Structures are given as structure tokens and as C-alpha cells.
Amino acid sequence: MSNPKGAQKGSSLTLILMVPSAAIGGTLQYGYNLAIMNAPTTFIQNFVNETFQDRWQLQLENYQVTFIWTIIVSIFSLGGLIGALIAGPMTIRFGRKKCLLLNNIFLMSSALFAVTSRAAKSFEMIIISRVLVGINAGISMNVQPMYFGESAPKHLRGAVSLSSAVFTAFGVVLGQVVGLREVLGSEPYWEYLLASNAIPGFIQLLTLPWFPESPRYLLIDRKDKEACLNALKRLRGCEDQGSELEEILEEEAQSRGMKPRQPWELFTDRAVRFQLLIIIVVSSAMQLCGNDSIYFYASYVFKESGMSADKIQYITIGTGSCEFTACIMCMPYLSMACIFTYILSFGMGPAGVTGVLPTEIFNQSARPAAYMIAGSMMWINLFIVGMLFPFLVSELKEYLFVPFAAVCLLSAVYIGMFLPETKGKSLSAITAEFHKLNFKGLAPMPSPQCQAKYQLGQVCRSTAL
């Protein structure tokens, strides 16, 4: 006797297990590599100074060491920009899952450069390592939300995609904990701290191959109906395949004959005008709000707020976990509480929503290009803020977050005015809503000329009358 409830439970378990498998080598790496650079700040700065003394008998000034340190930290963003730009072509050629697996090449190369930099007496190897791990993060920040958004059913799409932000935050906390001086944050072990990001990558390489590829990619891009059905069976169970296939085929009908779009083509296409403006605003605001730069420079922020140096490494864990129980007794602790609240609100808002937006508001042919644009804006703005943040801390002091607050307010107003609600809607329904915005006053969007029916594991198409 068949057991549909058991099959449904098994399929749900597959989706549940797929999420951490993809994320542990994906967006977790972004948060982890933001956080681990804070603990060894002094050690790496001393290493840079010692390298200059050994090579050229030069003693660097403090501002020179700070400048090189800023490059080491912020070059991660330029690597992320490169990753965002190559993520689109990689997903088209290799698929979402295989792209995440191949992405570990950059991660492992980064760990190798980091762990050998001290023995080679080369701070340049740390810079190369940061570029490579930035490429890894840039790819995963684009591909993982796309993989989740295309693999989850519409009623779970938001929750599954939100897990990308959850794992980013977990990566931050994990990096801060591993960076404690009692773990790998002491002077003898800082190179192992920088290379420790290889461990989550190994876990992903061992687990992710067991999970299916995105059903949408298999049917719409690869035209592989059988593989799509098998993926849906593993992810949904028999009961849900029919409705899901109908939605995928509806999207496939709308994009039939369309080639994968290039980023520059989206800027000249009126049909995606509002979608494009929204992801540019949201992705830029995600970094211009200044949240992620706190993880780069938490030591500077808390030092300026009056916290003692021996407590800073433990307080920085609070920036990731936002858990604190001490009473607010004086100005330094008030500053700490405000920063924790600020980061908590960021995690509940833009950090969770930004990654899934391109999946929900762009069709299959435009989705990789949209992620390339969104990722590029995110990484460019992270680099800009990362380079300016130490100087803003010094100049603005307690008014540091005033310009960031203005960015948050303006972006919230824009999103409230122009972003339709996407919860629980099919991708075709969302596209129709944007069609009304992009072509206001013109003819409504034509309905797709294809309907899909699921019968005994087969897809039957009939032309609409």
C-alpha cells in the first residue's frame, strides 16, 4: 500500500536538509569571513610591519599600517564583486547546485594562501586570500538564494530563502567565537583562523551532491522534463508535483524562445524597469546602512565608545547574536545596546529580504543577470563603506550612524511606495503586477498560451483556446 504522508514527510526532510548543506558553504561563508578579520587585527598589523622591516628595513607609521590593513579588509569586497559578476554565467552553464560545489575551488585556494602566508613572510598572500574568499562569497550570495527560491514551493519560498540571512548571521557569530583568544584568536594561531573557513567548505562538498538540482533550472534551462520530475518528487512528494509543474510550465511558456539575458540588456528593457530599480535600491541600501562594516571594524567602534580593550573581543560576539542581559548603566553600555538593536533590526529586514527579491520579481531568463546587478551593487557599496568607515568613526564619533539612518529612511520610503507584496504568490502573478507598473495605462499582460497537467508522472500540454 502506498504511503503518501510518509512520502510527503520524506520530501520535506530532503528540503530541510538541503538548506544547511547549501548554506554552510554558501552564505555562512560571507558572515564568517566578515567576522574573523576582527580578532587578529593587531597581529596582522604587526605582521605587516615586521614584513616591511625584514624586506626593506622600514618602520611604517601608524596611518600606513592602518591603510594596508584597510586594504586587506576591504579587498574582500572587490573579490565579492568579481564573484557576483561571474555567478550569472556560471549558474547558466553549470546549474545552481554544481555552481555552489565548484565555488569551493576559490575557498580552498584562499585557505591555502592564508595558512602559508606567515611562513612565506608575505602579507600579499593574505590580500590574495581575501580576494579569493571574496569571490567565493560573491558567488554564493547570488547563487544560494536563487537555488533556494527555485527549489522551494511558493508557500515556503520566503522562509527557505530567509534561511540565507539566518546562516549569514550564524556565520558572523561562529567567526566571532572562533576568533576568541581562547580558540584561534591568539597571536600564534591567526593564520589558522583565516584558513578555518575551509572546514564548512569540506562539509558542503561531502553533503550537497546528494541533493537535487533546481527543478526550474532543469525544465526551463535544460529542457529536461524527466530530471525536473525526479527533483520535484524528492523535494515535494507525489501530492504536490502537479500544481508545481503547472506553475513552472507557465513560467517556461512565458520565457519560451528567450535566451539568458545579459545585465546591460535589463537597463534598456521597460518590462523590468521597476524590478531593476528596486533591486538596485535594496542591494545598495543593504550596505550603505553600514551594518556589515561594523563586523569589519567592531574593535574601532567599541574602542571609540569607551569599552576597555580586554572586553572588546567578547562584546563583538554580541554584534552577531544580539543577546545581552546586562543593565544599561552608563554611556558605553548605552552605545553597545544601540548597536545591538541596530543589527537586530537589520537581520529582521534587509538581510533577509534582499537575497530572495531577484528570484521573486524576475523571470528565469533575466534572473541570473538580475542577481549579477544586485550583487555588484551590494559589493561596490560594501567596499566604499568599508574604506570610509574607520575615518567616519574618527570624525563623527557618536554621530556615526546619522548618515546611515538617512539611507535607511529613504530606502524604506521607496520600497513602501513601489514594491508589491510577493508573499504566497506565484512568479507569474508577481510578474503580472510589475507589468502594470512598467506599462501603466497600456494593454494588460497576455496570458501564457500553455497549460500543464500532471498525469501519472507525465506532462501533457494543451493549447489554450
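# A tour by selection

Select Lys223 to begin: with a relative accessibility of 52%, Lys223 counts as exposed, because the exposed class starts over 50%. The model on screen is predicted. Lys223 sits in the loop that runs between helix H11 (215-221) and helix H12 (225-236). Check its backbone. Lys223 is not a glycine, yet its phi is positive, at about 60 degrees.

**Lys121**

Now go to Lys121. Here too phi is positive, about 55 degrees, in a residue that is not a glycine. Lys121 belongs to the loop between helix H6 (104-120) and H7. Its relative accessibility is 52%, so Lys121 counts as exposed.

**The whole chain**

Zoom out and colour by secondary structure. The protein chain has 24 helices and two strands. Colour by accessibility next. Of the 465 residues in the protein chain, 54% are buried. Switch to a surface view. Contacts are the last overview item. Among contacts in the protein chain with a separation of 6 or more, 79% join residues 24 or more positions apart.

**Aromatic pairs**

Show the rings of Phe, Tyr and Trp. How many aromatic pairs does the structure hold? There are nine. Select Phe52 and Trp56 as one of them: this pair is tilted, with 5.1 Å from centre to centre and 55 degrees between the planes. The angle makes the class, because stacked planes lie under 30 degrees apart, edge-to-face planes over 60, and the rest count as tilted.

Show helix H3 (residues 41-56) around this pair. Phe52 and Trp56 are four residues apart in helix H3, so about one helical turn separates them. Is Phe52 buried or exposed? Phe52 counts as buried, at 14% relative accessibility. Trp56 has 44% relative accessibility, so Trp56 counts as partly exposed.

Phe52 is in helix H3 and Phe123 in helix H7, so the pair ties together parts 71 residues apart in sequence. Phe52 and Phe123 are both buried.

Move on to Tyr30, Phe76 and Trp379. Ring pairs link these three residues into a cluster.

Select Ile384. Which helix holds Ile384? Ile384 lies in H22, which covers residues 367-396. Its relative accessible area is 39%, so Ile384 is partly exposed.

**A nonpolar patch**

Finish at helix H1. Select Leu13, Ile16 and Leu17 with the surface on. Together Leu13, Ile16 and Leu17 make a nonpolar surface patch of about 290 Å². Ile16 lies in helix H1, which spans residues 4-24. With 55% relative accessibility, Ile16 counts as exposed.

Notes: Residues numbered from 1 in each chain as written. Predicted model: local features only at pLDDT ≥ 70, side-chain atom pairs only at ≥ 80, totals over all residues. Heavy atoms only, no water. Buried < 20%, exposed > 50% of the residue type's maximum accessible area, 1.4 Å probe, protein only. Phe/Tyr/Trp six-rings, centres within 6.5 Å; stacked < 30°, edge-to-face > 60°. Patch = residues over 30% accessible without salt bridge, like charges linked within 9 Å, V, L, I, M, F, W, Y side chains within 5 Å. Areas by Shrake-Rupley, 256 points an atom, 1.4 Å probe, with all protein chains shown as cover. Salt bridge = Lys/Arg side-chain N within 4 Å of Asp/Glu carboxyl O. Contact = heavy atoms within 4.5 Å.
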